[in-house]
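This report describes selected local features of the entry shown below. Please keep the sequence and the structure in view while reading.

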Amino acid sequence: MVIRDHFNSRIGFILATAGSAVGLGNIWGFPFSVGNGGGAAFVVMYLIFCFILCYPIMVVEFAIGRKTQKDAVGAFVALGYGKWKFIGIMGVFAGVFILSFYNVIAAWAFGYFLEIVRGNFSIGDSFAAFTADWKRVGSLSFIFMGLTAFIVARGVSAGIEVATKILMPTLFLIIVGLVIYAFTLPNAMQGIEFYLVPDFSNVTISTVYSALGQAFFSLSLGMGALITYGSYVQKNQNLARSGVAIVLVDVGIAFTAGLMIFPFVFYQGLPPNGGMGLIFATLPGVFSTLGSIIGIVIGAVFFLTLSFAALTSTVSLLEVPVAYVIDELKIDRTRAAWGTALLVFIVGIPTMLSQGAVPELSQFIALGGSQVKISFMALVVNFANNTLLPLGGFFIAVFAVYVWRKENLNAELTVGDPDFSGSLSQKYISFCLRYVCPVLLGLVLIVTISQTYFGLNLLEKIEALFA
Ligand code: TRP
């Protein structure tokens, strides 16, 4: 019997999980959702969801993992509820699909780093041509997946823990440095005002909906990534308290990323709601105006940071199917890591080709009676991120409350935290799990499924009621 590898220290566990949480979702997704969602009011809602919805689910995932010392599928079997292993199976699929496109976007970030190092600032204007260049995107994705597999193959303590202990502090220092620099630019304060002064008149139900989705994705929930990481945590760790630290790091980095992006955007007089292009299409232009040397340094450092943040997340996404292959199919870690990575790369090929390279994939399918065909990548995002994750989260909450039950959850959370039982945090977690999480995730599922697959825009209908 192989002894299960564990995180060696509390800080190692917190940094690895924070590394999973902090990713493209924070540095790329969060600012652009804030921009589209009207600024600070979005930020406020995001924070609320992190604490009332995400934190309790995070703690449940940790508890299930640590209790069973198993992968996301095996954990449900080990608890004695084999019927519920479908949650873990959905998670393994979600991991493969999310990683298949996440790795492609990470590869763009890495590719931008290489371009800016060479002084090619016009890459921002050729964003579309860049993503359509399948040879380049394909080889960059291959390299990025290789880096991910390399870390995962080395194992939990020697690979994941060591890599995140180096990458996370570096990431943090670089972001703080970039924020300080951004603040010195003309019009920086206008950007900060947009970002930090809430205007609740801009808030619609859709804003609330996207803040929730953003929070859930950002904390890596709903697919057993944190069950898997929880299975590597030692029994003397305080799960509830570590969870708070992880949420704070994640929120803190997303927030700090905004402090850097909005001054850049307003300095150039660009609209803050640039969407997905906010970073790739507009920032290189911003960097070019900083002068050739400073522009290259700041720009290269920025895209390198984005690549680092993505790397600690791709590692956690890969670890979910890899842990499954190791624990359930009894294959050794090296082969499991490289084999799964290759599979995910192959699954990602249509996604790589769907950003302009192959027209049939770029306009692939019209969902829910819509006239507009979305790309293969958008289909995967809709299916894995927007459907599988809330579904997984919903079932995890229901499982914890009605099947595994509060007593067992509390018993596991008390291990490493003798005061937990009967504490305020225990009451808070139990309350949210029973009344907040299933309701919110259930509503999200109804809205998402009716909109994506049946073309019924419930949010618009509800907004019309209030208009
Ligand atoms: N949280 C990461 C981000 O914000 C992405 C991520 C990594 C993830 N692992 C996950 C999302 C597991 C959902 C589930 O970029």
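In which helix is the place of isoleucine 349?

Isoleucine 349 belongs to helix 16, which spans residues 349-352. The model is a predicted one. The relative accessible area of isoleucine 349 is 33%, so this residue is classed as partly exposed.

## Surroundings of the ligand

There are 16 residues around the ligand, and those that come nearest are Ala21, Gly25, Tyr102, Phe217 and Ser218.

Polar atoms of the protein and of the ligand also pair up. A polar backbone atom of leucine 24 is 3.2 Å from a ligand oxygen. In the side chain of asparagine 26, an N or O atom is 3.4 Å from an oxygen atom of the ligand. A nitrogen atom of the ligand, in turn, is 3.1 Å from an N or O atom in the side chain of serine 220. On its own, the ligand has 360 Å² of accessible area, and the protein covers 100% of it.

## Threonine 312 in helix 14

Helix 14 (residues 292-329) contains threonine 312. With a relative accessible area of 3%, under the 20% limit, threonine 312 is therefore buried.

The side chain of threonine 312 reaches the backbone oxygen of glycine 19 at a distance of 2.8 Å. Neighbours within four places in sequence aside, the contacts of threonine 312 are Gly19, Ser20, Val22, Thr164, Leu167 and Met168.

## Salt bridges

The model has nine salt bridges. One of them pairs glutamate 115 with arginine 136, with 2.5 Å between the closest N and O atoms. Because glutamate 115 lies in helix 5 (residues 86-117) and arginine 136 in helix 7 (residues 134-154), this pair ties together parts that are 21 residues apart in sequence. Glutamate 115 is buried, at 5% relative accessibility, whereas arginine 136 is partly exposed, at 29%. Arginine 136 also meets aspartate 133 in a salt bridge, at 3.4 Å from N to O. Aspartate 133 has a relative accessible area of 31% and is partly exposed. Glu115, Asp133 and Arg136 are joined with Arg118 in a network of salt bridges.

Another salt bridge links arginine 333 with glutamate 319, the closest N and O atoms being 2.9 Å apart. Arginine 333 is in helix 15 (residues 333-347) and glutamate 319 in helix 14, so the pair connects parts 14 residues apart in sequence. Both arginine 333 and glutamate 319 are buried.

Conventions
Residues numbered from 1 in each chain as written. Predicted model: local features only at pLDDT ≥ 70, side-chain atom pairs only at ≥ 80, totals over all residues. Heavy atoms only, no water. Helix = DSSP H or I, 4+ residues; strand = E, 2+ residues; numbered from the N terminus. Buried < 20%, exposed > 50% of the residue type's maximum accessible area, 1.4 Å probe, protein only. Near = heavy atom within 4 Å. Polar contact = N/O pair within 3.5 Å; in protein donor to acceptor, adjacent residues only side chain to side chain. Areas by Shrake-Rupley, 256 points an atom, 1.4 Å probe, with all protein chains shown as cover. Contact = heavy atoms within 4.5 Å. Salt bridge = Lys/Arg side-chain N within 4 Å of Asp/Glu carboxyl O.
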